[in-house]
Amino acid sequence: MGDRLYGGKVRDKILKQIKITAATVYITDIPVRLTRRHGSGDVAGSVKNAILKLETDAGITGWGDAAPWAVFTGTIEANAAALHVYLRPVLIGADPFRIEQLMHDADHAVVGHPEAKAAMEMALFDIVGQASGLPVAELLGGRCRDDIPLSFSVADPDFDRDMEMVKRLYGEGLRLFKMKTGFAGHAADLKRMERFRTELPADADLRIDYNQGMVTHDAIRQLRDVEAFKPTFIEQPVPGHHRAALDEITRAPATPVLADESVFTPTDALLVASQRMADLVSIKIMKHGGMLAGRKIAAICEAAGIACYGGDMFETGIAHLAGTHMIAATPNISLGCEFYQAKYFLERDLLAEPFPIENGRVIVPRTPGLGIKVDEDRVRHYAVETLK
Ligand code: MG
C-alpha cells in the first residue's frame with residue numbers, strides 16, 4: 001500500500017532521512033527591462049539576487065532566491081555572506097525535513113537577513129516537496145485557491161511608457177494596478193492618478209503605494225485629495241517607524257491604509273494589529289524571512305480583522321513560486337499578489353518554463369516542490385560570483 005501511495009524509492013529516502021551535502025550561492029546580476037521609481041529609491045539597469053542551490057545525498061536539488069534591496073530589506077553582499085558563511089554550517093549534513101528546527105537554528109546562527117533565510121527555507125521546501133511528491137502549498141496545509149490575481153506596479157518615471165504597459169496588461173486580463181507615488185510631488189501624483197482614471201475602464205483596480213514617501217505632517221490633507229480617484233488602498237504613506245502617524249492616518253481618510261515597511265517581524269505585526277494602526281498589511285517572504293514567517297504575520301493580522309496583500313521584492317521566478325504557494329495556502333492573504341517581475345521586469349527569468357501567468361492571474365503549480373525547475377545554465381550565465 002505504502003509503495004503504491006508514495007513509490008518505494010521515495011518512501012525509502014524519507015525513512016532513511018535525506019542529508020544536505022552541498023550549498024552553492026550564485027550572485028546573479030540580471031539586466032532589467034523597466035525602470036522602477038519608488039518613494040524610497042530607484043531600481044534600474046540590473047538587479048542582483050543571491051541564488052541558493054542545495055544538493056542532497058538523495059539526488060534531489062532544492063533552489064532558493066534571496067532578493068534584497070539596500071534601501072528596504074538589506075544588501076546583496078550581506079545576504080550572500082549570511083548564506084555562505086553563517087547558514088551553510090546549519091545546512092550541511094542536516095535533514096531537510098526539519099524545516100522549523102532549521103529555521104530556528106538559522107535565527108540563532110545570524111540575526112536578521114530575512115532574505116537569506118527566505119532563500120534557505122524555500123530551498124528546503126523544494127527538496128521536501130520533491131521527495132514527498134507534493135507541491136509546497138500542500139505541505140503548508142493545502143491550497144485554498146488555485147490562482148491569484150496579479151498586480152502590476154506603475155512605477156516608471158516615464159509615465160507615458162507606463163500607461164502603454166498598463167493598457168497592454170489590461171488587454172491581457174490584468175485588473176490590479178499599484179501606482180508608486182511620493183517621489184515627484186503631490187501635484188504630479190494627482191495628475192498621474194487622474195490620467196489613469198480617465199484612460200482606463202472603471203473596473204481597473206487602482207492601489208497607491210507611497211513607499212514611505214509622504215511628508216508626515218501633510219499626509220492627511222494630501223490623502224484627502226487622493227481619495228477622489230477611489231483607490232482600493234493607500235500603502236505605507238509615511239516612514240515605517242512613524243507608527244503613531246500611520247495610526248492617525250488610518251483613522252482619518254475613508255480609504256483603507258496598508259502597512260508595508262511598518263511590519264517586518266511578528267512583534268511589529270502584533271503592535272500594528274493590537275492597536276489597529278493599519279487596515280491592511282503587505283506580506284513579503286523577503287521581509288519576514290520565509291513562508292512560515294509570512295504565515296505567522298498573516299495569522300496575527302487575521303486575529304485583528306486585518307486582511308493581507310502578497311507583496312514582493314525584485315525577485316526571480318524562484319522566489320515568486322514560494323510566495324505563490326504561501327498565498328495559495330493562506331486564506332487571509334486575500335488582496336492579490338505582485339509577482340510581475342519574472343515575466344515583465346527581468347531581461348530573462350531563471351526558471352526553465354515561464355512563471356505561470358494566465359489572464360492576469362498567477363496559476364498555483366500542481367507539480368512537486370516549488371513546481372518549476374530552475375535553468376541552471378541560465379543561473380551560471382548571470383552569475384557574477386559563485387560561493388561554495
Ligand atoms: Mg510597498
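## Why these names apply: domains, strands and burial

Author: The protein is divided into domain 1 (2–133 + 376–387) and domain 2 (138–363), with bounds that come from an automatic or database domain assignment. This is a predicted model, in which local features need pLDDT of at least 70 and side-chain atom pairs count only at pLDDT 80 or more, while totals for chains, interfaces and linings use all residues. Residues are numbered from 1 along each chain as its sequence is written.

Reader: How do you know how many residues of each domain belong to the contact?

Author: Two residues are in contact if their C-beta atoms, placed from the backbone, lie within 7 Å, and the contact takes 35 residues from domain 1 and 33 residues from domain 2. The centres of the two domains, taken over C-alpha atoms, are 24 Å apart. On the side of domain 1 that touches domain 2, α5 gives the largest share, nine residues.

Reader: What makes a residue of that side nonpolar, polar or charged?

Author: Ala, Val, Leu, Ile, Met, Phe, Trp, Tyr, Cys and Pro count as nonpolar, Asp, Glu, Lys and Arg as charged, and the others, Gly among them, as polar; on that basis the side of domain 1 that touches domain 2 divides into 18 nonpolar, eight polar and nine charged residues.

Reader: Why are β5 and β17 said to stand at the edges of their sheet?

Author: Helices (H or I, at least four residues) and strands (E, at least two) are DSSP runs, numbered from the N terminus, and two strands pair if DSSP finds at least two bridges between them. Four strands form an open sheet in the order β5-β4-β1-β17, with antiparallel pairing. Within this sheet β5 (61–66) and β17 (383–387) each have a single partner strand, so one side of each is left without a neighbour in the sheet.

Reader: How do you know that β1 and β4 are paired?

Author: Pairing requires at least two bridges, and 11 bridges join β1 (residues 20–31) to β4 (residues 46–56), which run antiparallel; Ala23 stands opposite Leu54 in β4.

Reader: What makes α3 a bent helix, and where does the bend lie?

Author: The bend at a residue is the angle between axes fitted to the seven residues ending there and the seven starting there; in α3 (residues 76–91) that angle is about 35 degrees at Ala82. Just after α3, Gly93 takes a positive phi of about 85 degrees. The buried residues of α3, including Ala82 and Leu83, pack against β1, β4, β5, α4 (99–109), α5 and β17.

Reader: Why is Gly294 counted as buried?

Author: A residue is buried if 20 or more other C-beta atoms lie within 10 Å of its own, exposed if 12 or fewer, and partly exposed in between, with C-beta atoms placed from the backbone. Gly294 has 28 C-beta neighbours inside 10 Å and therefore counts as buried. Gly294 lies in helix α13 (residues 291–303) and, leaving aside its neighbours within four places in sequence, is in contact with Ile283, Ile285, His288 and Met326.

Reader: What makes β8 a mostly covered strand?

Author: Five of the five residues of β8 (residues 176–180) are buried: Leu176, Lys178 and Lys180 on one side, and Phe177 and Met179 on the other. Strand β8 pairs with β7 (residues 151–154) in the parallel sense over four bridges, and Ser153 stands opposite Lys178.
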